Each structure stands twice: as structure tokens, then as C-alpha cells.
Amino acid sequence: EAKSQFLANMSHEMRTPLNGIIGVNQLLLRSKLDSEQQELAKLIQSSSDSLLNLINDILDLTRVESGKLELEYVDFDVRNVVE
């Protein structure tokens, strides 16, 4: 329980500044950049998106461990998903 709580707290603490980085980088990508700057800003975007996904996965894991994960049942067409 202590481990899950620690991971949840740290994930939330990391996500807040990361969302700031993502937002500012989106503004940067909309500005006039040379090709090298554009490439670096895209690298920031890709890296920060990957890190945010990892943090979200950690939060999901803590929810599973604490029994607080709620599943949503949605009808879907398997053929459309596979194709």
C-alpha cells in the first residue's frame, strides 16, 4: 500500500511540470523555427509524450493495486479494430 501511494504521489508531482513542458513546447512548435530548432522541438514533443504515457501507466498500476481501477464496457466491432 505504501509503495502504491508513493508511486501515485510521485506520478502526480511529475505530471504537473511535464504538462507545462508539453504546453510550452506546443507553443514553440507553432512559432517560426529553423529546421534544426523544429527537429529539436519535435524531439522534445516525442520524449515528453513518451514520459507522460509512462507516468499514466504508473498511475494505472497504482489504481489496479489499490482496487480503484474502473473498467468501462464499450461495444465495438472487432473487424474494424483489427483492420
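**A close look at helix α2**

A: At the start of α2, the backbone nitrogen of E36 has a side-chain oxygen of D34 within 3.1 Å. Keep in mind that this is a predicted model, so every number here is computed from it.

Now the length. Helix α2 covers residues 35-66, which makes 32 residues. At 1.5 Å a residue it should span 46 Å, and its end C-alpha atoms lie 47 Å apart, so the two values agree.

Next, what's tucked away. The buried residues of α2 are A41, S48, L52, I55, L59 and T62, and what covers them includes α1 (2-30).

N25 is found in helix α1, and it counts as buried because its relative accessible area is 5%, under the 20% cut-off. Setting aside residues up to four places away in sequence, N25 touches A41, I44 and Q45. I22, leaving out neighbours within four places in sequence, is in contact with S48, D49 and L52.

I22 and L52 also turn up together in the largest nonpolar core, whose six residues are A8, L18, I22, L52, I55 and L59. The elements that give two or more residues to this core are α1 and α2. As background, nonpolar side chains tend to be buried together in soluble globular proteins.

Note on methods:
Residues numbered from 1 in each chain as written. Predicted model: local features only at pLDDT ≥ 70, side-chain atom pairs only at ≥ 80, totals over all residues. Heavy atoms only, no water. Helix = DSSP H or I, 4+ residues; strand = E, 2+ residues; numbered from the N terminus. Expected span 1.5 Å × (residues − 1). Buried < 20%, exposed > 50% of the residue type's maximum accessible area, 1.4 Å probe, protein only. Contact = heavy atoms within 4.5 Å. Polar contact = N/O pair within 3.5 Å; in protein donor to acceptor, adjacent residues only side chain to side chain. Core = buried A, V, L, I, M, F, W, Y, C linked by side-chain atoms within 4.5 Å.
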